[in-house]
Amino acid sequence: MVMSPQDRDLTDQKFMKMALQLARRGLGQVAPNPAVGCLIVKDNLVVGRGHTQVGGRPHAEVVALSEAGDHAKGATAYVTLEPCSHHGKTPPCAEALINAGVARVVVAMGDPDERVDGDGVEMLRDAGVEVTVGVLQKQALENNLGFVLNRTISRPKVMLKTATTLDGKIATHTGNSQWITGPDARRFGHMLRAKNDAIMVGIGTVLADDPRLDCRIPGLENRSPIRIVADTRLRLPLTSELVKTANEIPVWVLTLKGNAPERIDALEDLGVKVIELCAGESGYPDMSEALNVLSEAGITRLLVEGGSHLQASLVKEDLVDELYWFRASKLVGGDGISVLQSLGLDLIADAVSMKLADHRQLGDDRLEIYNFRTE
């Protein structure tokens, strides 16, 4: 039975949604590769499925084709990112799809990597495979914005995460901040950590709270991200939880050039990676340069949990893509510590605009997710 164009579009969207769900399993685990999902569908039945594996290999298409076996011949492959066309550590996925005999490939979005960038689609079409591009492209871009930014402007996707009272405070006037939110919100925060390549805080947060910045959800302990500290003068204590666990979960420190060599040596001897940067206009490490360096190191998704100076500097430099704001049903008052330090604005017209993308209730707390790119 021949499908109508409308029915075919609906079918394509149904299976691409499933492929996108598969792709999300790789978030925080596959950098510097993209998190890709793939379904092999024959006679309206899924005969193979796969997502990019830990470390970026094998690719989603290879996993799905392996599961499908001989059923791949004449089938349709749904892939959330254009299949690669270049020889790297593994042969091209476009070639694998051709060799398996798939009749049609449905692609959510093109791959901006200069080694692919349309060549994968061209390879498939040259081999006689029917290709459809652009099915649920917006959702696919949301999945892989970090990879796209890494490949196009050399920086990761940057997400701010903050937990405040209803009046926008992150601590009392004494600096006390544990715990503003309840267990449901904190658990969601740990899930966020598991979906990112790295987590960053300012040295003030480390000195105040001595955090571990790991993922403490049973079964996901091995998904703790790289931990990064913005520390201008290398004040990170050698006895801190971060340093003590640096050989278990990587710790990187972003600092200015010119710190005492013996201090750098002491941290590196304990397993900490020290990254020296130039100063920006504020006198602190230049955050644009910092993000470029992190991108070159393979980081595609960066979660920034604090503090107020670090987050404000990223907002001021227009380097933030998304905000996760947890609001507790509590009030602290005007003498509490505000979520952001000064942005130096004189007019409301100059205020930073965001778009509410999602919201949900987490116990007594509320989570709001905002996009900074509103166009």
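**Ground rules.** I number residues from 1 along each chain as its sequence is written, and my side-chain values use heavy atoms, with hydrogens and water left out. As the model is predicted, local features need pLDDT of at least 70 and side-chain atom pairs count only at pLDDT 80 or more, while totals for chains, interfaces and linings use all residues.

**Cores.** I looked up the nonpolar cores first, meaning sets of buried Ala, Val, Leu, Ile, Met, Phe, Trp, Tyr and Cys residues joined through side-chain atoms within 4.5 Å. Buried is under 20% relative accessible area, with a 1.4 Å probe and protein chains only. The largest core has 37 residues, and M16, I40 and V105 touch the most other members. Elements giving two or more residues to this core include α1 (5–24), β1 (37–42), α2 (60–68) and β4 (104–107). I take helices (H or I, at least four residues) and strands (E, at least two) as DSSP runs, numbered from the N terminus. With five residues, α1 gives the most to this core.

Which residues does M16 touch? Leaving out residues up to four places away in sequence, I get Y78, V79, T80, V106, V107, A108, V135 and L136; contact is heavy atoms within 4.5 Å. I also noted a second, separate core of 29 residues, with A198, I275, V320 and F372 among them.

**Cavity.** A cavity here is a set of points on a 1 Å grid over the protein atoms alone where a 1.4 Å probe fits but cannot get out; a pocket is an open set with protein on both sides within 12 Å along at least five of seven lines, and lining residues have an atom within 4 Å of a point. I count one cavity of 30 Å³ or more. The largest cavity has a volume of about 60 Å³, taken as the space filled by probe spheres set on the points. Of its 16 lining residues, L27, N33, N144, T300 and R301 are the closest to the centre.

**Helix α12.** In α12 (residues 308–316), I find S308, L310, Q311, A312, L314 and V315 buried. Just after α12, D318 takes a positive phi of about 60°.

Conventions: Buried < 20%, exposed > 50% of the residue type's maximum accessible area, 1.4 Å probe, protein only.
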